[in-house]
Amino acid sequence: MDAAARPSTLRKAGLPAKRPLRVLPVIELAVLVVLVAAPVVLSGRAELITLMTNVIILSLLAISFDLCWGFSGIMSFGQALFFGVAGYVVALVGRDLDFSQLWGTLPLAMLVGGLLAAALVAFLLLGRKAPSSIFVAFGTLTGAYAAERLVAGWQYVGAGNGLSAIKLMGFGSFEFVERVEFYSVVLTALVLVYAASRWLVRSQLGLVLAGMRQNEERLAFFGYRVQVFKALVFSFAGVIAGLSGALYSYHQGFTGPSNLGPGLSTTAVIYCLFGGSGTLIDPVLGTAAIELLNYVLADTDAIRQFWPVILGVVLLVVVMFQPTGLLGLVVSARERIGSFGVRRRPG
Amino acid sequence: MALLEVSGATKLYGQLRALDGVDLSVEVGTFHGLIGPNGSGKSTLLKSIAGAHFPTTGAIRFDGADITQLPPYQRARSGLSLKFQITAVLAELSVYDNVLLALQSLEGNWSLLFSRSRKRLDADVMHALERFRLADRADNLAGELSHGEQQWLEIAMALAPRPKLLLLDEPTGGMSPEERRVTGELLAPIRSECALVIVEHDLDFFKNICDRLTVLD
């Protein structure tokens, strides 16, 4: 396979016969425009800025799940574990060390989320025998459940009452209260996380993930140690969940045991599957759709009471009738999976 | 010294004895055919060599090292490559990306993360596709190829990481006579690159390309 001996006609021969229209970049750009314009359009509607801030923070959690499931085939029912623990860490650092500078606490939360995810995944995935997906799903679920029960009985972290009046996130002498300033921080976080995740899944390592989702065994026979790639992505997802959890704690001014349990973990699954897993933008859209619906229906007691049931039915319908989610209606499977080679100009 | 040496390999599935004390020796640069009736253990032997499962007893040495208990990815890294009996191309990836995936398996994780070899491997991918008459299908999904083309793509993928020994399990299965002939032509030049162990049912195909034959019964 001597590159020098390659006939110049080869590149031409490999040209795609047709390059289908790409919808995803258009959707990504539209979402970015909406998110950037939101504070201007919604100025004077503080409660909507708060809602949008919440949507973005929870989108980060949903993206972390999408990286696990949509891109690596790891069914994680424990993403809230990394989210919640990181949230507790920044709350405790604020309470006990009187420190809440975002340049220190946000990286700390990401580190905690990443290390915790790495420890859990090392236990679940890196044994001598490759584990089944059911084992991993139950392992993550059990981890989240155990953590929730542990925290609920631990007085140092507020036990069942959680930690309230969390010190405001700061930068120098400036303190981020709700509204536009806080919104700017979470939007910046989303853009950075999205860009990093997109870069990862479109890299050559992303090609390994795409192959892994289709046939793990085949990749092992190429020489790939599949479980290591899964562990890397899971740990990165833990970093994102940690960041999300810290921002959530600061935004809410409170954190409690339910922030790291199976309930929130499952909600992240629903956000992602509703949007359509495996595109990165899907969790953002899924989170927005569900949270907006939740907001609109919040005043109707009868509906609010049955909200978990409604969510469950939504998930069932999506899984049974539209497994590629909302985005699957407009984005082809080919575009979702993507191409990984050198881009060639048609003609 | 033999490149591959299988000695006394036995594989039991409960009461079923799929392999019964098989010995096999493959020299560098030779094409070695495996033949036998259905159920004689040909595919089981190939899979045992590649690491899909471990022999119950016996030993497998490859390139001077005992690989009997090594997992598949380590065997692949040591220079063993397998083409499955049932076509296992990655149907939702493009033909180009299938070969790139096979080729880049020799790269380190950091190199993959930073896509350092994407441009460098482009020439090799296109060369492999050209060699197996798939260059004009590079941008098609692998699942869109005909059965014969998928078999060629899989051989191209198995050959891409430049193995020392290529294991082919029925590479002409389901092919037309013309496609079989072409497959023989495509395989002949790889003699200079690696040794080959091939399972087939077609004696004429063996006669044309194999140096040695082992019969399992």
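Q: Which strands form the open sheet in chain B, and in what order do they stand?
A: In this predicted model, the open sheet of chain B is built from 5 strands that follow one another in the order β6-β7-β8-β3-β9, and their pairing is parallel. At the edges stand β6 (80-83) and β9 (212-215) of chain B, each of which pairs on one side only. From one strand to the next, the twist averages 15°.

Q: What are the partners of strand β3 of chain B, and over how many bridges does the strand pair with β9(B) and with β8?
A: Strand β3 (residues 31-35) of chain B pairs with β9(B) in the parallel sense over 4 bridges, and it pairs with strand β8 (residues 195-199) of chain B, again in the parallel sense, over 4 bridges. His32(B), in turn, stands opposite Arg212(B) in β9(B).

Q: Which way do the side chains of β3(B) point, and are they buried or exposed?
A: The general idea is that in a regular strand the side chains alternate between the two faces of the sheet. In β3(B), Phe31(B), Gly33(B) and Ile35(B) point one way, while His32(B) and Leu34(B) point the other way, and all are buried. The strand as a whole is mostly covered, with 5 of its 5 residues buried.

Q: How should I read the packing of two helices, for instance α11 and α14 of chain A?
A: In general, two packed helices are described by the angle between their axes and the distance between the axes. Helix α11 (residues 262-275) and helix α14 (residues 307-321) of chain A pack at an angle of about 40°, with their axes 10 Å apart. That angle makes α11(A) oblique to α14(A), and the crossing in which α11(A) passes α14(A) is left-handed. On the side of α11(A) the contact is made by Ile270(A), Leu273(A) and Phe274(A), and on the side of α14(A) by Leu311(A), Val314(A), Leu315(A), Val318(A) and Val319(A). Sorted by class, this contact holds 8 nonpolar, no polar and no charged residues.

Q: At what angle do α3 and α4 of chain A cross, and which residues meet there?
A: The axes of helix α3 (residues 46-72) and helix α4 (residues 79-97) of chain A come within 10 Å and cross at roughly 140°. These two helices, α3(A) and α4(A), are therefore oblique to each other, and their crossing is right-handed. From α3(A), the residues Leu58(A), Leu61(A), Ser64(A), Phe65(A) and Cys68(A) meet Gln79(A), Ala80(A) and Phe83(A) in α4(A). The residues of this contact divide into 6 nonpolar, 2 polar and no charged.

Q: Which loop holds Ser115(B), and what is its phi?
A: Ser115(B) lies in the loop between α4 (109-113) and α5 (118-131) of chain B, and it has a positive phi of about 50° although it is not a glycine. Because its relative accessibility is 17%, Ser115(B) counts as buried, the cut-off being under 20%.

Q: Where is Glu170(B) found, and is this residue buried or exposed?
A: Glu170(B) is found in the loop between β7 (165-169) and α7 (177-187) of chain B. With a relative accessible area of 13%, Glu170(B) is buried. Its phi is positive, at about 50°, although Glu170(B) is not a glycine.

Notes. Residues are numbered from 1 along each chain as its sequence is written. Chains are lettered from A and ligands numbered from 1 in the order in which they are written. This is a predicted model: local features need pLDDT of at least 70, side-chain atom pairs count only at pLDDT 80 or more; totals for chains, interfaces and linings use all residues. Side-chain values use heavy atoms; hydrogens and water are left out. Buried means under 20% relative accessible area, exposed over 50%, partly exposed in between (1.4 Å probe, protein chains only). Axes are lines fitted to C-alpha atoms, for helices over the stretch in contact, and angles run from 0 to 180 degrees between N-to-C directions. Angles under 35 degrees count as roughly parallel, over 145 as roughly antiparallel, 65 to 115 as roughly perpendicular and the rest as oblique. A crossing is left-handed if the near helix is turned anticlockwise from the far one by less than a right angle, and right-handed if clockwise. Contact means heavy atoms within 4.5 Å. Ala, Val, Leu, Ile, Met, Phe, Trp, Tyr, Cys and Pro count as nonpolar, Asp, Glu, Lys and Arg as charged, and the others, Gly among them, as polar. Two strands pair if DSSP finds at least two bridges between them.
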